[in-house]
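Here are my notes on this one, as numbered points. Have the model open beside you as you read.

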Amino acid sequence: MNSTLSPLLGLLFAPLAAIILIIFKAPARRTAGIATAFNLVFSVALIAFYPAAQGGYYYVMDLAWTTLPGLPPIRFHLGADGISLPLLFLTAIVSFAAIAISPATIRRSSEYYCYLLLMSLGAMGAFMSLDLFFFYIFHEFALIPTFLLIGIWGSQNRQFASFQVTIYLMAGSLILLAGLVALVMAVPAEARTFDIVALQGYITNHPLSPTVQNEIFPIVLIGFGILVGLFPFHSWAPPGYASAPPAAAMLHAGILKKFALYGMIRIAIPMLHQGFETFLPILTLLLLGNFLYAGFITVAQKELPTMIGFSSIMHMGYLFLGIACWNVLGVSGAVVLMVGHGLSAALLFGLSGEITQRSGENRFNELGGLAQRAPVLAILFTFASMASMGVPGLANFAGEVMVFFGSYSSFLIIYAVAAVFGTVITAIFQLRAIKAIFYGPMEARYEPHRVTTPSTAGEEVIELPGMTDVATLAENAPYVLLIVASLIIGFMPFLLIHIVQPSVSLLPFMK
Amino acid sequence: MLSPTYLTYLAPEILLTVWAMILLLLEAFLSLSAREITRLALAGILVTAIETLFFGTDTTLFWGSLCKWDGAAKFFHLFFLAVAALAIWMADEVQEPVTHGGGEFVVLPLFTTTGLMLLASANDFMLLFVALELVTISLYILVAYRRRSLVALEAGVKYLILGGLSSAFLVMGVAYIFGITGTTRFDAIFPLFIYGMPTAVGFGLLLVLIGVGFKIAMVPFHIWAPDVYEGAPNSITAFLSVGSKAGGIIILLRIVLGVFGAGPGCDIWVPVLYVGAILSLLLGNLAAIPQRNLKRLMGYSSVGHTGFILVAVIGAAASLPGGARASIAELANGQTTVMVYLVTYLLATFTIFIVLAVLERRLPGLEIHHLAGLSQRSPLLAAAFALSLVSLAGVPPLSGFIAKALVILVAWNRHLYPLLIVTIFAAVAALYYYLGPIKAMYWSEPLDETPIKVNRTTSAVLIGLIVLLIVTGFYAQSISVLVGGATLAQATPDPVHLVSK
């Protein structure tokens, strides 16, 4: 029991304070920006002061929270280790970028920024909670804001997409809840607790019987699988992300989906290891579906937003593969790749938003030659694509290489080969996208041009700017920030790895 | 000689009845306005509630063993008083005033509440029946109060006929049970059927369950709910939806746990409620999807919530067919879940009906599309409505989540796997129709942009309810203050507690 206040509370407090201020009519965009910028700086500081070499939980606070009759005790238990700190940093940087790319003139702006902050708050809380109850409910903070963000500010097929995403995720969450409840109730009554550390401690000493583990693990896997978009539970994601406003897609694909992978690392595999090993063949088969099935579908996409939606599903395969190895190299690689993928997915969703917004078009066969009009955008998009492809020098490469070697050194060689093949597929669709959008002949409508429309006073001439570039510093700074972060991790992966690895090696059953 | 506890625990009922009669006379002779009567009625409820708070939770039989005081009785007394206070306040402050008989419209709910409180502590089938009739007869009047409205009349007639039918089933069942056992006292019947039960008694129990099924709107006895919800004034719909349902639930708990809680009884009522729960979960939540009228939607949603509560009731069974006997802790677990569920249901339902009562006066109708753009016309109303819907759907961190999580916990703990699967399916289906009004309020552009002003008291009550919805969800300990110790007294009769004969 450690009742001193944890500095981690600061990460929760900043968005919460911003939401309250915005409700009381503070300027929404600026308040949200300040809060997320504070979180970004603060999360870097937290990483800097974390004693990386020894690993384990730091910045711990632990308060008794609820003892309801019939309910195992719930504790307000916060803490961060080398696995959660990088994810907290990722949350901070993607939240900041998401708010920075949001247009200042967006309608109903105070609501919009509140919902974004709520998503960010939920992700922060989930990654720092060491209690299953809070871990779960913080993640759910994002459910209704996502629904509203897609519904109010979305594009295309927003009505269908918002309902589909929300209901699918609710189903996943409830299945997960049943699994977590089953896990907590599987231990004898006197040891029952929602506290992850205490529960893990008990289970390490008194492993659950294999039958029980084999019952509970698939429930938890399906729950987490739906939330992360594991094949065949992925169909909610691409249309949802394609319709969501770019900032919401950045937050969801970049951060919130990592919640499920984090849950696999923190809860499902350590506590139900026997069940994990039983279901490993099935899990690997499913993640092959993510690589290949989702990969080929991505290649076939004719629209930019859906292509990026599918590609983010495809990349979940690598992350799952890294986790499935359950050796230090693979899991550390998965954590590094989570950060890398978070950055690249946020970049791609943000830039795809810029492209469709500025050109008014999202079909590849209608786009083309835009580099002439928007060179900066072309450079940024190329960088983002390179990150996503896993080109050396960017964060994804560091993670992917570790995952490949990790899976190679465990028995998953065939999957390592499939994963390498997956990067080829990624290269195909990303390069084709770059070519289709930015090179080749450009249609005349992307040049500045005039349109004459009949109006009451004769004919009216309207000047249209055509395609515009992300010209000002304010416009391209968020993307540059994400790229720089990816480059730093890409060139100096040891910065991240030496934080991640000691904590990963402390996980139970780690090979 | 009368023991001191002979009537002590009856004081809330006596106080409220006497006060209601005084109010009727005051209204007649001093021609007080409806608003003054409302204030006096609320004061009466407050005094009664304070008095109830002083009672402990020790098990005591009183009033010649007609009644039994225990943790559950105390909890439900306070619960019904809260429901009554909210409904009476709402009728006066928020809702379109009734065109005639304003005083009676305030006083009748007091009688209903007295009946409900008697139900909560009933220990005898005769008292139970009389109390139930007090509840339903006063509700017949209240439901059809707007007698010039055809919808209200339809609701009243339906409620009257089906209510009468359900009472008949109940009495018939009681007659069977009395015919075999020669007693109507709960604690006297319990020990007779620990090792076996005659078929006739089982049949009687079945009839009683059908009667109670009507009261709690359990499928297939739910037919009245959507029509009555639609036709009754909002405050009465809320009262029906929360108070009357909770009344049915406490009778159900008293009968299935207190009278037929032992093995042979469980073999009868568990399968019946099992089927009822599955049907209610499925039909209630699926039939709500095509509804366009918000009050009908709430009607079907209320049927669905009966299903969730029934899962917890089954979880409180001492023995499940094919399963091991439960420990006392597990019994209490199921009961606590019922109480927690009702608290969270009360908060969300009343918030919704207060909002609907405001909107009924300002919008052309209460269809979902009339809500269009409400978030811009009144952010408070929209937020209150949306949060309550989301809470009913069981999304954290709102209050309803705790209830849903406990239901899942109980279902898992008692190995009710088919029910668990149906529960999760129903909860997901429910989210779909709860999102419909949210979509209308937040996405759709308003047709009429005039802001809807809410007066200060209403805003304060709504904000209070929202805060409670969030606090009870995030800090579940706060509910435990209410439900701590709120369990039924153990069913086995203990001579020490038989203080009076």
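**Notes on the pockets, the interface and a few local features**

1. Let's begin with the largest pocket. Sorted by class, its lining has 35 nonpolar, 3 polar and 4 charged residues. Keep in mind throughout that this is a predicted model. The pocket holds about 1,900 Å³ of space, and 42 residues line it. If you want to centre a view there, Ile19(A), Ile23(A), Leu118(A), Leu387(B) and Ile470(B) are the lining residues nearest the centre.

2. Which elements build that lining? Those giving two or more residues are helix H1 (8-23), H4, H5 and H6 of chain A, together with helix H15 (374-377), helix H16 (379-393) and helix H19 (456-474) of chain B. H1(A) has the largest share of the lining, at 8 residues.

3. The second largest pocket has about 800 Å³ of space. Of its 35 lining residues, Ile101(A), Pro103(A), Pro246(A), Gly353(A) and Gln357(A) sit closest to the centre. By class, the lining of this second pocket comes out at 20 nonpolar, 11 polar and 4 charged.

4. On the supply side for the second largest pocket, helix H3 (84-101), helix H10 (237-243), helix H11 (246-256), helix H15 (328-359) and helix H19 (473-491) of chain A each give at least two lining residues. The largest share, 8 residues, is from H15(A).

5. Now the interface. How many residues does each chain bring to the contact? Chain A brings 43 and chain B brings 39. The area buried between the two chains is about 3,600 Å², and carbon and sulfur atoms give 79% of that.

6. The charged and polar side of the interface can be listed briefly. There is 1 salt bridge between chain A and chain B: Arg107(A) pairs with Glu445(B), with the closest N and O atoms 3.6 Å apart. The rule also finds 5 residue pairs in polar contact across the interface, both partners being at pLDDT 80 or more.

7. On the side of chain A that touches chain B, at least two residues each come from strand S1 (58-66), helix H4 (109-128), helix H5 (132-140), helix H6 (143-153), helix H7 (158-186) and helix H9 (210-228). H7(A) has the largest share here, with 15 residues. The residues on this side of chain A split into 30 nonpolar, 7 polar and 6 charged.

8. H17(B) gives the most, with 5. What classes are found in the lining of the largest cavity? The residues divide into 14 nonpolar, no polar and no charged.

9. Over all chains, the salt bridge count is 20. One of these joins the side chains of Arg75(A) and Asp195(A), at 4.0 Å from N to O. Arg75(A) is in strand S2 (residues 74-80) and Asp195(A) in the loop between H7 and helix H8 (196-205) of chain A, so this pair ties together parts 120 residues apart in sequence.

10. A look at Glu27(B), which is in helix H2 (residues 11-30) of chain B. Leaving out residues up to four places away in sequence, Glu27(B) touches Leu32(B), Ile37(B), Gly103(B) and Glu104(B). A polar atom of the Glu27(B) side chain lies 3.5 Å from the backbone nitrogen of Gly103(B).

11. Finally, some backbone geometry to check. Most residues other than glycine have a negative phi, and most peptide bonds are trans. Val219(B) and Pro220(B) are joined by a cis peptide bond, with omega about 5 degrees, and Pro220(B) is in the loop between helix H9 (199-215) and helix H10 (224-231) of chain B. The bond from Pro396(B) to Pro397(B) is cis too, with omega near 5 degrees; Pro397(B) lies in the loop between H16 and H17 of chain B. Trp326(A), not a glycine, has a positive phi of about 50 degrees and is in the loop between helix H14 (304-325) and H15 of chain A.

How values were computed. Residues numbered from 1 in each chain as written. Chains lettered and ligands numbered in written order. Predicted model: local features only at pLDDT ≥ 70, side-chain atom pairs only at ≥ 80, totals over all residues. Heavy atoms only, no water. Contact = heavy atoms within 4.5 Å. Buried area = accessible area lost by both parts, 1.4 Å probe. Polar contact = N/O pair within 3.5 Å; in protein donor to acceptor, adjacent residues only side chain to side chain. Helix = DSSP H or I, 4+ residues; strand = E, 2+ residues; numbered from the N terminus. Nonpolar A, V, L, I, M, F, W, Y, C, P; charged D, E, K, R; others polar. 1 Å grid on protein atoms, 1.4 Å probe; cavity = no way out; pocket = protein on both sides within 12 Å on 5 of 7 lines; lining within 4 Å. Points joined across faces, edges and corners; volume = space filled by probe spheres on them.
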